[in-house]
2 protein chains.
Amino acid sequence: VDPVAMAEARTHQDRLTKPRGSLGVLEDVAVRLAGIAAACPPPMPEPAALAIFAADHGVHAQGVSPWPQEVTAQMVANFAAGGAVANAFAAQVGASITVVDVGVAADVPAGPGVISRKIAYGTADLSEGPAMTLDQAVDALSAGIEIAGSLVAAGNRCLVTGDMGIANTTASAALICVFTGREPASATGRGTGVDDAMYQHKIDVVRRAIEANGYEEAVAVPEGPDAALRALAALGGLEHAAIAGFILGAAAARVPVILDGVIAGAAALAAAALAPEAAGYCVAGHRSAEPGHAVALAHLGLRPLVDLELRLGEGTGGLLAHPLVSAAVRVMHEVATFDAAGVADKER
Amino acid sequence: VDPVAMAEARTHQDRLTKPRGSLGVLEDVAVRLAGIAAACPPPMPEPAALAIFAADHGVHAQGVSPWPQEVTAQMVANFAAGGAVANAFAAQVGASITVVDVGVAADVPAGPGVISRKIAYGTADLSEGPAMTLDQAVDALSAGIEIAGSLVAAGNRCLVTGDMGIANTTASAALICVFTGREPASATGRGTGVDDAMYQHKIDVVRRAIEANGYEEAVAVPEGPDAALRALAALGGLEHAAIAGFILGAAAARVPVILDGVIAGAAALAAAALAPEAAGYCVAGHRSAEPGHAVALAHLGLRPLVDLELRLGEGTGGLLAHPLVSAAVRVMHEVATFDAAGVADKER
């Protein structure tokens, strides 16, 4: 990100007809987008494109979710038919949706808005060993990079991450533990709805996954891209790897990427471990009800824009943040300065 | 608000293809809007109309703001010219803006989108006695009711409160103290930017205002519309009274009203004291950086949707919440049920 454009944006904000700093966090968002685009004012982050990366998880066999695995494929069909919450929210904010099958455990019919980049029929069980081979993780990263690049080439000026994968909050918790050095109990949540007994079991599964893959509890993985790739492959899902690639692709194109919830947060930790500057291209769309999400955002230094106890995934929290990001940038384009408007400035 | 429609909305939410409760606070918003409209699903809250009520304050003479009083009129001209942050945010979310002069201390040129309902050239100094006569307060309430009614008659299905008035956070703090029984220090903030010395002075002015009008510190006003009107007249601004009327007008028309910041929160306390059911028609758009705002929202039982440290006013925080409210309602119209989409429900 470009520090000169960011400084210019900060200065411009202070000339506009509003008390200095009175737009709070949105001023920081506008400054960040100036840095991403290396331009002041930054271009409007429109149109926006949501990519929902869908995949299944071997760890589902451990009984970490009350939902049958088939729901992943069924929800892909629901996205294609326009019936999911992500479709309604995308319509509300004017974003397009692209669904990318990177690892659904069933054959997914191709169709408008559904792209196949299937790498496997789900991951292996991360509680017994690596979820992915290194090659699979690289392929999923590459798919995410490619999708980001093609969405930007098609004219999109803001990307939004989305995910679909029953049991993917378990993989997210494991990733967050190893990338931040937190204990499983503090990074594991109830996902889309587990009872007390299943929750304790889920924490145990996360703990076993960390050990089975040769990591120590409460010790963060060593720095560097090789260690990051190995951790991502060991504990991630194919959608986590694809979203990490999607973030890297957005950064390479100097386009902001709005992160959705805990799956995106875990993926962003991997992306930032692979390329530390990637975090600067991310906007945290929201903070979900998953405890690991706050851990991931704090580690990344990102402040979420929406905080409404969502725990749905699909990109829904990211989509809701898009109008806020657009509003922050629009101020830079359209609001008059004190001088131009003939408004008296504060007496100092 | 209609409890039957609310119960229907709750039941409908649980049939949609999403984990139950996974839209968090937005599910409550959709249920509330069903109750307001007495219909499930409720109508989309579109188009939305922002009304910015502008007025000046005699208490400005006490040195409670670093901004000259002329800025109120200058900002009205800025709204009319399209140069303020409220204009940019309204454009972003597709809302119209109506500016209503209920008490600016200068003659404001009429023009497109600027309506005169001037009741006085500013209020009297509330630190020395009543800010308004009872008749003035009633006239301002009536103006707000009338504007709400005419905006709904013009087809708007969501109203948003806005305000402009240099020194109006001082009046807001005084109103919040007497309607909630809080101490001045806990309800008074730095507004659009006062230094430490001016902040202590501002707290003192709020304390003097409470005493000068015959109220006791840390004792809430007695219940009932007569006491509420007297308190509103004694300590409010003309825009506070107009916004209270605007809320009552929205409630009478069964249309939701999104509250902006601390000025709206203070006005909503007055509206709820005049007619307790009015609070049910309000959606708290955001929580501002002013400490009194959180006090007011807690008293009203409202949870804010946006929490980004805004402290600008004008309706900016209310406008930012509008896409969130629309998204919540859109889910009720467009998302498929588990049965219709062929998606398996959670195993219980």
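# Close-up views of side-chain contacts in a predicted model

**View 1. Salt bridge between A:Arg117 and A:Glu146.** A:Arg117 and A:Glu146 pair through their side chains in a salt bridge, with an N to O distance of 2.7 Å. The two residues come from distant parts of the chain, 29 residues apart: A:Arg117 sits in the loop between β3 (114-116) and α5 (134-153) of chain A, and A:Glu146 in helix α5 of chain A. A:Arg117 counts as partly exposed because its relative accessibility is 30%. A:Glu146, at 35% relative accessibility, is also classed as partly exposed. The model is predicted, and the distances in this and the following views are computed from it.

**View 2. Salt bridge between A:Asp28 and A:Arg10.** Over all chains the structure holds 22 salt bridges. In one of them A:Asp28 is joined to A:Arg10, and the closest N and O atoms are 3.2 Å apart. A:Asp28 is partly exposed at 38% relative accessibility. A:Arg10 has a relative accessible area of 38% and is partly exposed.

**View 3. Salt bridge between A:Asp345 and A:Arg20.** The side chains of A:Asp345 and A:Arg20 form a salt bridge at 2.9 Å, N to O. A:Asp345 is in the segment after α14 (338-341) of chain A, and A:Arg20 is in the loop between α1 and α2 of chain A, so the pair connects parts 325 residues apart in sequence. Both residues are partly exposed: A:Asp345 has a relative accessible area of 26%, and A:Arg20 has one of 28%.

**View 4. Salt-bridge network in chain A.** A:Asp204, A:Arg207 and A:Glu217 are linked by salt bridges into a network. Side chains of opposite charge can pair when their charged atoms come close.

**View 5. Edge-to-face pair of A:Phe53 and A:Phe246.** Four aromatic pairs are found over all chains. For A:Phe53 and A:Phe246 the ring centres are 5.3 Å apart and the planes are at 70 degrees, so the pair is edge-to-face. A:Phe53 lies in strand β1 (residues 48-55) of chain A and A:Phe246 in helix α10 (residues 238-252) of chain A, so the pair ties together parts 193 residues apart in sequence. A:Phe53 and A:Phe246 are both buried.

**View 6. Stacked pair of A:Trp67 and B:Phe338.** A:Trp67 and B:Phe338 form a stacked aromatic pair, with 5.9 Å from centre to centre and 25 degrees between the planes. This pair crosses between chains: A:Trp67 is in the loop between β1 and α3 (70-81) of chain A, and B:Phe338 is in helix α14 (residues 338-341) of chain B. A:Trp67 counts as buried at 5% relative accessibility. B:Phe338 is likewise buried, at 8% relative accessibility.

**View 7. Charged side chains over aromatic rings.** In chain A, A:Arg190 is placed over the face of A:Tyr199, 4.7 Å from the ring centre. In chain B, B:Lys118 is placed over the face of B:Tyr121, 4.6 Å from the ring centre.

**View 8. Surroundings of B:Asp101.** B:Asp101 is in strand β2 (residues 96-103) of chain B. With a relative accessible area of 2%, B:Asp101 is buried. Its side chain reaches the backbone nitrogen of B:Gly103 at 3.0 Å. Neighbours within four places in sequence left aside, B:Asp101 is in contact with residues including B:Ala54, B:Val108, B:Ile115, B:Arg117 and B:Lys118.

**View 9. Nonpolar cores and B:Leu305.** The largest nonpolar core has 118 residues, and those touching the most other members are A:Leu26, A:Phe89, A:Leu305, B:Leu26, B:Phe89 and B:Leu305. Beyond its neighbours within four places in sequence, B:Leu305 is in contact with A:Leu308 and, among others, B:Val25, B:Val29, B:Val283, B:Leu324 and B:Val325. Another core, of 77 residues, lies apart from the largest one and includes B:Ala148, B:Leu151, B:Ala187 and B:Leu300.

View 10. B:Val206 is part of helix α8 (residues 196-212) of chain B. B:Val206 is buried, at a relative accessible area of 0%. B:Val206 and B:Ala187 are separated by 19 residues in sequence and by 9.4 Å in space, C-alpha to C-alpha. Leaving aside neighbours within four places in sequence, the contacts of B:Val206 are B:Thr170, B:Ala173, B:Ala174, B:Cys177, B:Pro184 and B:Thr188.

Key: Residues are numbered from 1 along each chain as its sequence is written. Chains are lettered from A and ligands numbered from 1 in the order in which they are written. This is a predicted model: local features need pLDDT of at least 70, side-chain atom pairs count only at pLDDT 80 or more; totals for chains, interfaces and linings use all residues. Side-chain values use heavy atoms; hydrogens and water are left out. A nonpolar core is a set of buried Ala, Val, Leu, Ile, Met, Phe, Trp, Tyr and Cys residues joined through side-chain atoms within 4.5 Å. Buried means under 20% relative accessible area, exposed over 50%, partly exposed in between (1.4 Å probe, protein chains only). Contact means heavy atoms within 4.5 Å. A salt bridge is a side-chain nitrogen of Lys or Arg within 4 Å of a carboxyl oxygen of Asp or Glu. Helices (H or I, at least four residues) and strands (E, at least two) are DSSP runs, numbered from the N terminus. Rings of Phe, Tyr and Trp (its six-membered ring) pair if their centres lie within 6.5 Å; planes under 30 degrees apart count as stacked, over 60 as edge-to-face and the rest as tilted. A charge sits over a ring if NZ of Lys or CZ of Arg is within 6 Å of the ring centre and within 35 degrees of the ring normal. A polar contact is a pair of N or O atoms within 3.5 Å; within protein, one must be able to donate a hydrogen and the other to accept it, and residues adjacent in sequence count only if both atoms are side-chain atoms.
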